[in-house]
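Subject: Structure for you to look at

Hello,

Here is the structure I promised to pass on. Please open it alongside these notes.

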Amino acid sequence: PEVVGVVYCSWNLFHVLGVEPEIGRRFVPEEEAEGGSDSVLISHRMWRSRFGGKRDVLGSTLHINGEPRTLIGAIPAAFLFMSNADVWVPIERGDFFLDPGRGSHSLLMIGRLKSGISRLQAQGEVDAVAAALEAEYPDTNSGKGLALIDLQRYMLGEARISFFLLMAATILVLLIACSNVAALLLARGQGRLPEMAMRSALGAPRERLVRQLVVESTFLTLVAGAIGIGLAAGFQRLILRLIPMGRPGLPEPSLDGTVMLFTLLISLAVGITVGGIPALRVTSVSPWVHLKTASLSSEDKRSGRARNLLVVSQVAISIVLLVGSGLLIRTMENLTTVDLGFEPENLLAGTVEIRSSAYETREQRRDFFCELVERVGSLPQVVMASTISRLPIASPEMNWLVWPADQPRPVSGTGHTALTRFATPGYFETMEIPILRGRGITNSDDPGMARIMVISKALAERLFPGRDPIDQLVNLGWHDPYRIVGIVGTAKLNGVRSDFDGAMYLSAAQVGSTSQWLVARTAGDPNLISDSIRRLLRELDREVVFSNPRTMESIVSVSLTGVRSVTLALTLLAGIALLLTSVGIYGVLAYNVNQRKGEFGLRVTLGAQTPQLLVMAVTRGLRLVSAGLALCVILSIFGTGVLQSFLYQTDRVDPTVILGATVFLGVIALGACLLPAWRAVRVDPVEVLRRD
């Protein structure tokens, strides 16, 4: 036996998606009727691994949760949709969990628009349907509607924001690099003015001179692009680890021909842009101006202003990236120190699946899990053990409507929902979730006994404000009322970032679950008990599956992968931007100092002191940096808005982060200014004056 992902779907899912099975057929309408279906479709992977890819397996029997199912087809290998499932089963009308009635709104709907119909038009028609249902069924459909979302956008989920954020940061770094290259080419062009003047005097048209300069710059950027492709190929795996992929079912990106072509086109565009503007500037000056003098002409004001503007832009962009990475680093710090409501250290968790056909009654299932917990708890390394239907953070959602039994059922959209969990005795002690009032779940909460419930403090405050919740009755909608016997601390169940903390815990014995998470708290490394648990399960039942054993600390860490990846990637890009900006500042100041060597030599001859010259050389660079810092404060306030969905307990306009990033870049920029300034004050006045 093995645990596989199962998707329950309507009979026409594959018709809507336009997917034909690799072998066999799709579902038909009759297989969705109550009691009318035992058919399943399987994935290409399962067809290959379990059946060797044979085409004569149609009609074979698969036991899903102990129930026999008939194999009618296999889905193509290229089919990637929503989740990495291996089995598709048609929804059966009348099934309690899949078709619980009009009060449940938990299924996802997928539709294909007719040709020529826009999403907005379809949204209008769907809104009309929702309004009609609300009028006909006000108890369950009041305030309910459907929001139509593009399927690709939905599948990308939060990863879509990550992609756009990293793409924007990459473009900003590329702009800084382009600014540096443009500034260098402007300086280089200034030095080649006599050459261009001579070529022009000899009859070369301006178009030819511009073409020559652009070809030179484009050759450099194409070579750089080719080197970049090579580096990307070498670090491809590392790059992919930095990018969260979001929902399962998305194909892994690869360095294919499209990516290479895109990179070369970008390189070509950069070469033309950064080479074309300086080329036009250089060739716009009359050649006779430069042929009349034996020495190099000084830089014209337009070229100087252009380079200064480029430096200011680099500083501003770098600060925005630094502020963004600083906000994300603070968010990661907040997330790693947040109170989860339970203690994840020294805690091992894994799923235990039993066959419903082998344990048909709730009593049999209770006895199995009770014996399992008792045996695991008796292991030398284990302090305590228990089970839960859905593990915190690893198994989110499952919200059920709940309301006090002495009140009418809430109108749809106005009541309280709570995360629902089925637990065995000792769960709160194992997770170290404090019991604040009353008691937890005990061995006396058996099938046939009065239904009980333990609720979180947050849910108690919502359901019974100003009242004692203990011994109060609540309704869930389809069962007899449950009696509240205890109140426990609020825990992060949906995720570390989640603020939805209302929870209710039911007795797993009274529900009769066949799938539970086994949780065990150990005195040492929890990974060491996995093999012992497997041996115990083989002794109890060789067909029971124990899968996914992992520590609670690793589960919490994995849940933060998306934010951590974006933080790391943005920090690396900010570091590259900072390096490029420092190089840009140094390049501009070094060129400026070189242009002013004659002036500095004359000043030294006339008695200027080293501190005076140092201040003069540094002042221009600091003015440029200051202008960039002033601009960056404005940009960072607006630019960091895109980070809002990633931030946690962090204000996107954080004065401390902005000030820290500004000071940090200021120190780096000061260092970039000092080196050419120091070279300026060490100039030999005699040598400079003799040369000029």
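Strands here are DSSP runs of type E with at least two residues, and they are numbered from the N terminus. Please keep in mind that this is a predicted model.

**Two loop residues**

Start with Glu397. Its place is the loop between strand E8 (382-388) and strand E9 (399-404). Glu397 is not a glycine, yet its phi is positive, at about 70°. Most residues other than glycine have a negative phi. Is Glu397 buried, exposed or partly exposed? Its relative accessibility is 42%, so it counts as partly exposed.

Glu432 is the next one to check. Its phi is near 60°, again a positive value in a residue other than glycine. Look for Glu432 in the loop between helix H14 (427-431) and strand E11 (435-438). Glu432 has a relative accessible area of 44%, so it is partly exposed.

Strand E4 covers residues 61-64, and its side chains alternate. Leu62 and Ile64 point to one face and are buried. E4 pairs with strand E5 (residues 67-74) in the antiparallel sense, over four bridges. Within that pairing, His63 has Pro68 of E5 as its bridge partner. Two residues lie between the strands of this hairpin. Asn65 takes a positive phi there, near 55°.

**Helix H3**

H3 spans residues 119-136, which is 18 residues. From first C-alpha to last it reaches 26 Å, close to the 26 Å expected at 1.5 Å a residue. Which residues of H3 are buried? They are Ala122, Gln123 and Ala130. Seen down the helix axis, the buried residues of H3 fall within an arc of 100°, so they line one face. The face turned away from that buried side carries the exposed residues Glu125, Ala135 and Glu136.

E7 covers residues 347-353. Six of its seven residues are buried, so the strand is largely enclosed by the rest of the structure. Buried here means under 20% relative accessible area. E7 runs antiparallel to strand E16 (residues 515-522), and seven bridges join them. Ala349 has Val519 of E16 as its bridge partner. E7 also runs antiparallel to strand E17 (residues 545-551), joined by five bridges. On that side, Val352 stands opposite Phe546 in E17.

**Cavities**

Rolling a probe the size of a water molecule over the atoms shows where empty space is left. How many cavities of 30 Å³ or more are there? The count comes to three. The largest cavity holds about 110 Å³ of space. Its lining has 17 residues. Arg366, Cys370, Thr424, Ala508 and Ala509 are the lining residues that lie nearest its centre. By class, the lining has seven nonpolar, six polar and four charged residues. Helix H13 (362-377) and helix H16 (508-511) each supply at least two lining residues. H13 gives the most, with four.

**Where to look**

For a quick pass, begin with the positive phi at Glu397 and at Glu432. Then turn to the largest cavity and the four lining residues from H13.

Best wishes

Technical notes. Residues numbered from 1 in each chain as written. Predicted model: local features only at pLDDT ≥ 70, side-chain atom pairs only at ≥ 80, totals over all residues. Heavy atoms only, no water. Buried < 20%, exposed > 50% of the residue type's maximum accessible area, 1.4 Å probe, protein only. Pairing = 2+ DSSP bridges. Expected span 1.5 Å × (residues − 1). Arc of directions from axis to C-beta. 1 Å grid on protein atoms, 1.4 Å probe; cavity = no way out; pocket = protein on both sides within 12 Å on 5 of 7 lines; lining within 4 Å. Points joined across faces, edges and corners; volume = space filled by probe spheres on them. Nonpolar A, V, L, I, M, F, W, Y, C, P; charged D, E, K, R; others polar.
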